[in-house]
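Subject: Structure handover

Hello,

Here is the structure we discussed. My notes on it follow below.

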Amino acid sequence: MCGVVIAMAEIKFPIQIQLFALVSLTGDGSKIYVWFYDILFGELQCAWRIIMIREMTKTDFELFWPTFAVVIQAQQTYAFNPDMTFEQAYDLWCKTPIKAFVYVDNDVVLGTYYIKANAMGPSGHICNCGYMVSSEARGKGIARLMCEHSQQTAIALGFEAMQFNSVVSTNDVAVRLWQKLGFGIVGTIPNAYKHAELGLVDSYVMYKWLKA
C-alpha cells in the first residue's frame with residue numbers, strides 16, 4: 001500500500017478532476033491503478049502509471065550514474081572511493097553482487113539497490129544490501145519500498161537474515177527507516193567513518209532475522 005499512496009500523490013489528473021470521486025487504489029506490482037467515478041457521465045474510469053522495481057541494466061546504471069557519483073563524492077553515507085570511475089562503480093554495484101535492482105517511475109530511474117552474500121560458508125545465510133535514491137525523489141518512500149522488496153528477494157534467494165555492515169551514525173534518516181523496518185543496531189564501530197563535514201563519526205552494524 002505504501003507504493004500506492006506515493007503514486008496517488010503524483011498522478012496528474014485532468015482539469016475536470018472536481019467532477020471525479022476517488023473510488024479505490026489497486027496495484028499489480030508494476031502498475032498503480034486509480035479508480036474514480038465520473039460524476040458528470042456516471043461512469044467508472046481508471047488511470048494508471050508504471051511504477052516498477054526490476055533488475056538493473058547497464059543502461060539503467062548509466063542513467064543513475066550522476067546520482068551515484070554525487071553520493072560517493074559527498075563522503076557522508078558510503079564508504080566507497082569517491083574517485084572511482086563509472087566502470088569501477090558498475091562492477092561494484094551491479095556485477096559483484098548477486099543481483100542489482102532499479103526503481104523506475106514512468107521510465108525515470110529514481111533509485112537502486114544491490115543484494116549479495118555478507119559472508120561465505122557457515123555465514124552464507126546472511127545477505128547484505130545497499131540502497132541509493134536520487135536527490136529529487138527522496139522523502140517519497142522509495143527507500144522503504146526498495147528495502148521491503150530486497151527482503152522479499154533475499155528470502156527468495158534462500159537467505160535467512162540481512163545485515164548492514166556500516167550505517168553511518170549521522171545518517172539519521174536511514175537509521176530511523178531501518179529501525180522502523182525491523183533492523184536493530186547490534187554493534188557500534190567507533191570512529192569508523194571520516195565524514196566530509198563532521199570528521200570521525202561512528203558506524204552501526206544493523207541486522208534483521210528474515211526467516212519466520
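The end C-alpha atoms of α2 lie 23 Å apart, which agrees with the 24 Å that its 17 residues should span at 1.5 Å a residue. Bear in mind that this is a predicted model.

The helix axis does bend, though. α2 has a kink of about 55° at phenylalanine 64, shortly before proline 66. Phe64 is also buried, and so are other α2 residues, including Asp60, Phe61, Thr67 and Phe68. Further along α2, Ala69, Val71 and Ile72 are buried as well. Glutamine 75 follows α2 and has a positive phi, near 50°.

Next, the largest pocket. It holds about 1200 Å³ of space. It is lined by 41 residues, and the closest to its centre are Thr77, Tyr78, Tyr131, Asn171 and Ala174. α2 (58–74) supplies at least two residues of the lining. So does each of β5 (108–117), β6 (126–133), α4 (142–156), β7 (161–168) and α5 (172–180). By type, the lining has 23 nonpolar, 12 polar and 6 charged residues.

Last, the cysteines. How many disulfides does a search of the whole structure find? The count is 0. Cysteine 127 is in no disulfide, and the nearest cysteine sulfur, that of cysteine 129, is 4.7 Å away. Cysteine 127 counts as buried because its relative accessibility is 0%. Cysteine 94 also counts as buried, at 14% relative accessibility.

Best wishes

How values were computed: Residues are numbered from 1 along each chain as its sequence is written. This is a predicted model: local features need pLDDT of at least 70, side-chain atom pairs count only at pLDDT 80 or more; totals for chains, interfaces and linings use all residues. Side-chain values use heavy atoms; hydrogens and water are left out. On a 1 Å grid over the protein atoms alone, a cavity is a set of points where a 1.4 Å probe fits but cannot get out, and a pocket is an open set with protein on both sides within 12 Å along at least five of seven lines; lining residues have an atom within 4 Å of a point. Grid points are joined across faces, edges and corners, and a volume is the space filled by probe spheres set on the points. Helices (H or I, at least four residues) and strands (E, at least two) are DSSP runs, numbered from the N terminus. Ala, Val, Leu, Ile, Met, Phe, Trp, Tyr, Cys and Pro count as nonpolar, Asp, Glu, Lys and Arg as charged, and the others, Gly among them, as polar. The expected span of a helix is 1.5 Å times one less than its number of residues. The bend at a residue is the angle between axes fitted to the seven residues ending there and the seven starting there. Buried means under 20% relative accessible area, exposed over 50%, partly exposed in between (1.4 Å probe, protein chains only). A disulfide is a pair of cysteine sulfur atoms within 2.5 Å.
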